[in-house]
Each structure stands twice: as structure tokens, then as C-alpha cells.
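User: I have a model open and would like to go through a few local features. Can we start with the strands and move on from there?

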Amino acid sequence: MAMIWNEMVECMSRDEMRKLQSYRLKNVVEHVYHNSPFYRKKMQEMDLSPNDIQSIDDIAKLPFTVKQDLRDNYPFGLMAVPMSEIVRLHASSGTTGKPIVVGYTRKDLSTWAEVVARCLTAYGITKHDMVQVSYGYGLFTGGLGAHSGIENIGGTVIPMSSGNTQKQIQLMHDFGAKALACTPSYALYLAETIRESGIPLEEFQLRIGVFGAEPWTENMRKELEEKLNIKAYDIYGLTEISGPGVGGECECQNGTHLWEDHFFPEIVDPETLQPVEPGQQGELVFTTLTKEGMPMIRYRTRDLTTLNYEKCACGRTAVRMGRILGRSDDMLIIRGVNVFPSQVESVLLEMPEFEPHYFITVDRVNNTDTFQIQVELRQEYYSDEMNKMLSLKKKIASRMQNVIGIQPEIKIVEPRSIERSQGKAKHVQDNRNLFNK
Ligand code: ADP
Ligand code: ZN
């Protein structure tokens, strides 16, 4: 029987959850109204006072918050407590644009360690297990976030951080780590490195992957589970809301449970900002219900996904989020067609001839968008015969066209020549915007 870290909340009835959320929403609105000039002003502009928020159903009355608000108030303008109460700072890795800074009180850190503990327990990790953390340590929330969750459940942390890939493999092997926490793209690189090292996979104790911080597909899950002989679980989070552990998968691997007693999720249409029909895709929005240091009211994540409120077979009632299709900021519009890098990944993983590494280059020549995908052919499929190579190229180009909607130019490159990622993978170079930035 799988364990549950905090059964009382993870399995709470929907009714009770709404009550808890209502109570907490009222508190956080009072808190920001009285302690954050930024939110007070926003509310006053909308003629709102804390009294207007009586239950979680009133959340739609509140204003949205966006990343630009964090940049405009850089570095500490959104703190809702005196700086003397802030015990830790983090900053987003800045995948898209300038970094943003967040601050945590002691209580915020303990909440974070609590939600990560729920995820780890759902993956089957216990105090008897050793977990190698290969997310970067530092301003990025990945390393320290995973770290405190492991300590919280009483497991043993190996605080590797990212990089130094040979040593990662050696210590994982020698120490007998049961679980590995890193980005899926780095896990793929580690898997390749293990294969090349010649150490038999059976000599590793690894059973569980704690993968997140970037979008990944079901096909990537299969690939990682096979290559590392593990079960690979999703962990989701973002710096603005706290970091990794805003949600995690359970043994059913059928959606990522969001810890909605702390982080209230909504899905809105990114154009109209109205709530979508239940089950429909849209932009994920979070309100932190218990944060003290830097609460977020209706923060627009830019992540596109769906929510499912049905009770899960694992016994948890906590809402489940579907796979993140990508960030709306990651979406490329090429010749008018919406293209997500994750679509390219999923095609590559279906084709045994290719490695799951790729790099997209977009440019504009004579007012037309160009769209090139570099892919690595596996060694054993290389051929001196021009015809064979051409037909492979055709095959992948037409498969891409089916999935994406437009045909890319495929460039086949030498095995291992696409740069491997040790953190969040960079898959796209868009040269079109260079002049209007
Ligand atoms: P940055 O915005 O600089 O990348 P963060 O580390 O806060 O900094 O990144 C959070 C974002 O990473 C999320 O909003 C989401 O887009 C992505 N992300 C995190 N975890 C996952 C996951 N499990 N699946 C898909 N995307 C994820
Ligand atoms: Zn479940």
C-alpha cells in the first residue's frame, strides 16, 4: 500500500477543501491589503476591500498578477513582511527574460518542505532512501527545494547539484542512490553517460526519477524509464509560487496532484482571462493561500494545461493537472502556425532512428519564416548510401509535418553534436526578433 504524507489534506473531501481554501483566501487577502502597497493599490483601483472576499468563489473578483509586476518591483517591492522576517531569497533562472526575486519567511520554507515531502512520499520515497539531487543549487529553486523535502521525510540527501557528469554517475553507483532528482533532459544525458561508462545498469540501485522544471512528454517518460530502469515521476513548480513541489504525480502517473490547500489553481482563457469550462485547456493561474513573505494573488504562470477534479485511484482528492503543453512564451509562431518544442520531442521519441536531442532554429529570409530542426541520427542507422539518408530525412520531415502542421527543414548532424543540457534544456534559437528587441 502506497504511503501518503499528509492524508488529512491530500484526501480531504472537496467540500472541506473549499472551506479551508475560503478561510485561507480571506486571510491572505487581509494580509496583502494591509502589508503590500502593490496589492492594496491594485485592489483600491478596482474598488475592492478585503470584505468583498468572503469565500474562494470570490477569487475571480481579484486582480491578476504577471511576471512584469515582479520585474517592475525588483528586487524587494513585493515583500509583504519586513525584510528582517525574510530568511531566504531565490531568483528565477530567467529562461525567458530578466531574473525575478522571491523571498521566504521561516514558515514559507517549512510549507515548501511540506509540499515536497508530499511529492516524494507519493513517488514511494521513504526515510530509508538516498536521493541524489542533481538540480542546480543556488538561486535556482530546484536544488534547495528538493533538498529540504528529502530532509523533511528523513531521507538521505546527496547534494550533487548539476554538472560534473562523470562524478554524478560514480557517486550514484557507489552510494547506491535509490532516487534521482533532476531535469528530464539532464536525466537523459546521465543515462547516455552511464551507457558509455560501461557500468552495467544492474549495478545501480536507482528506482525512482523525480523529474521536472521543464516540459516533458509521455514519450520522454518511457525513454527515461527504459534507459534508467526506473519509474519516472513528474514534479512541478515555479519560483514565483515557491519552487518545485507545487504539485507531483502519484503512483497512478495519471496527472500531477496540485497541493491546493496552499496553492489555489485556476485555468483561464489566456486571451479573455475568463475561467474556461471545467476540463478545458488554458493558462494556469495560482493564488498562494498561506505564503507570508511574498504572497501571489492570481499569478499568471503562462503554463498551458488542464485540471481534473475527479478523485484519483490513489485515494487522493487533490486536483490533478494534465501535462504542461508548454509555456505560452515558449510557443513559436512559424508561418502563422503555433509550434511547441515538445511536439518535436515527441516525434523524435517515436522514431528509433533518431536520438531524442534536437535544436530548432527559426529565422526570417525574404519575409518568410525559415524553420530548421537539427537532429542526431543514431550511429547504427548511418549509411553511405545517399538514397537511404534522403529517405530517412523525408520520413522524419513528413512525420513532423503531420504533428506540427508545417514542414521543417531537417538537418542531420553527427551523434553527440547537439549540446547536452545539465539543467533546463535550451532547444530554440529564434533569430527573427533580434532587431525588434
Ligand atoms: P524560469 O521561469 O526562469 O524558468 P522557474 O524555475 O521558476 O524559472 O521555472 C518554472 C517553470 O518551469 C514553470 O512555470 C514551467 O513552465 C516549467 N516547469 C516546471 N516544472 C515543470 C514540469 N514538471 N513540467 C513542465 N514544465 C515545468
Ligand atoms: Zn493520485
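**Strands, metal site and rings**

Analyst: Strand 12 (residues 299-305) and strand 15 are paired antiparallel, over two bridges. Strands here are DSSP runs of E of at least two residues, helices are H or I runs of at least four, and both are numbered from the N terminus; two strands pair if DSSP finds at least two bridges between them. This is a predicted model, where local features need pLDDT of at least 70, side-chain atom pairs count only at pLDDT 80 or more, and totals for chains, interfaces and linings use all residues. Residues are numbered from 1 along each chain as its sequence is written, chains are lettered from A and ligands numbered from 1 in the order in which they are written, and side-chain values use heavy atoms, with hydrogens and water left out.

User: Which residue is the bridge partner of Leu304 in strand 15?

Analyst: Gly326.

User: And what order do the four strands of the open sheet take?

Analyst: The order is 10-11-12-15, with antiparallel pairing. Strand 10 (263-268) and strand 15 (326-327) are at the edges; each has a single partner strand, so one side of each has no neighbour in the sheet.

User: Switching to the metal. What are the protein donors of the zinc ion (ligand 2)?

Analyst: Cys250 (SG), His257 (NE2), Cys312 (SG) and Cys314 (SG), at 2.1 to 2.3 Å from the zinc ion. Donors are N, O and S atoms within 2.8 Å of the metal (3.2 Å for Na, K and Ca); water is not among the atoms, so sites may look incomplete. The donor spacing in sequence is C-x6-H-x54-C-x1-C.

User: What is the geometry of that zinc site?

Analyst: Tetrahedral, with angles of 104 to 115 degrees among the four donor atoms. Four donors get that label if all angles lie between 85 and 135 degrees.

User: Is Cys312 buried or exposed?

Analyst: Cys312 is buried, at 5% relative accessibility. Cys314 is buried too, at 8%. Buried means under 20% relative accessible area, exposed over 50%, and partly exposed in between (1.4 Å probe, protein chains only).

User: Now the rings. How many aromatic pairs are there?

Analyst: Six. Rings of Phe, Tyr and Trp (its six-membered ring) pair if their centres lie within 6.5 Å; planes under 30 degrees apart are stacked, over 60 edge-to-face, and the rest tilted. Phe38 and Tyr39 have ring centres 4.9 Å apart and planes at 75 degrees, so that pair is edge-to-face.

User: What about Tyr104 and Trp112?

Analyst: Their centres are 5.1 Å apart and their planes at 10 degrees, so Tyr104 and Trp112 are stacked. Both are buried.

Conventions: Four donors count as tetrahedral if all angles lie between 85 and 135 degrees; four count as square planar and six as octahedral if opposite donors are over 155 degrees apart and all others between 65 and 115; anything else is irregular.
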